[in-house]
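Work through the following exercises with the sequence and the structure side by side, and try each task before reading its solution.

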Amino acid sequence: MIRFNLNGQAHALDVSPDTPLLWVIRDHLQLNGTKYGCGIAECGACTVHLNGAAVRSCQIPVSSADSGEVVTIEGLTGPEAKAVQAAWVANAVPQCGYCQSGQIMSATVLLRQTPRPTDEQISEFMRGNICRCGTYQRIRAAIHQASQALHEGA
């Protein structure tokens, strides 16, 4: 039995411990905001937070989440999340939108760890999130805007 909190709710699941966390989230718990992209942890579409860190859920076995805290795009809260989501809208970041939940999950962790990131820090942190539409300039602008909003609100 694997037990963990997902978006603040306790879950106990009888699944194989090596089942990818992504499939447990999508298939067993019916939360489809986290996307399947490449399946080899290269594109970042499946990014979730595990105990506060951005992880690629397609390659993380659910056993890694045992007794842990998992947050998906559906449960993302807090000032950084609110600022990132507002900046995403203001900058019209999404194009096709497929990668956006993973991008937002990573950007939120970036701002929690580095409240005033430089362009280089953004590029380094976000490099594991691929956007097939190439919206990287808008993503960078949105992260800077979210950072500024958090700074002004502090």
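**Exercise 1.** Determine how helix α3 and helix α5 are oriented to each other in this predicted model, and describe which residues make their contact.

*Solution.* Begin with the axes: those of α3, residues 100–113, and α5, residues 136–153, come within 11 Å and cross at roughly 40°. Angles under 35 degrees count as roughly parallel and those from 65 to 115 as roughly perpendicular, and the two helices are therefore oblique to each other. Next, consider the handedness, which is right-handed for the crossing of α3 past α5. On the α3 side, the contact is made by Gln-103, Ala-107, Leu-110 and Leu-111, while α5 contributes Ile-139, Ile-143, Ala-146, Ser-147 and Leu-150.

**Exercise 2.** Locate Thr-34 and decide whether Thr-34 counts as buried or exposed.

*Solution.* Thr-34 lies in the loop that runs between α1 (21–28) and β3 (47–50). The relative accessibility of Thr-34 is 2%, and because buried means under 20%, Thr-34 counts as buried. Then look at its surroundings: leaving aside residues up to four places away in sequence, Thr-34 touches, among others, Leu-22, Ile-25, Arg-26, Cys-46, Val-48, Ile-73 and Ser-101.

**Exercise 3.** Describe how strands β1 and β2 pair, and find the bridge partner of Phe-4.

*Solution.* Strand β1, residues 2–6, pairs with strand β2, residues 9–13, in the antiparallel sense over 5 bridges. Within this pairing, Phe-4 has His-11 of β2 as its bridge partner. Finally, turn to the hairpin, where 2 residues lie between the strands and Asn-7 takes a positive phi near 55°.

Terms used: Residues numbered from 1 in each chain as written. Predicted model: local features only at pLDDT ≥ 70, side-chain atom pairs only at ≥ 80, totals over all residues. Heavy atoms only, no water. Axes fitted to C-alpha atoms, helices over the stretch in contact; angles between N-to-C directions. Helix = DSSP H or I, 4+ residues; strand = E, 2+ residues; numbered from the N terminus. Parallel < 35°, antiparallel > 145°, perpendicular 65-115°, else oblique. Left-handed = near helix turned anticlockwise from the far one by under 90°. Contact = heavy atoms within 4.5 Å. Buried < 20%, exposed > 50% of the residue type's maximum accessible area, 1.4 Å probe, protein only. Pairing = 2+ DSSP bridges.
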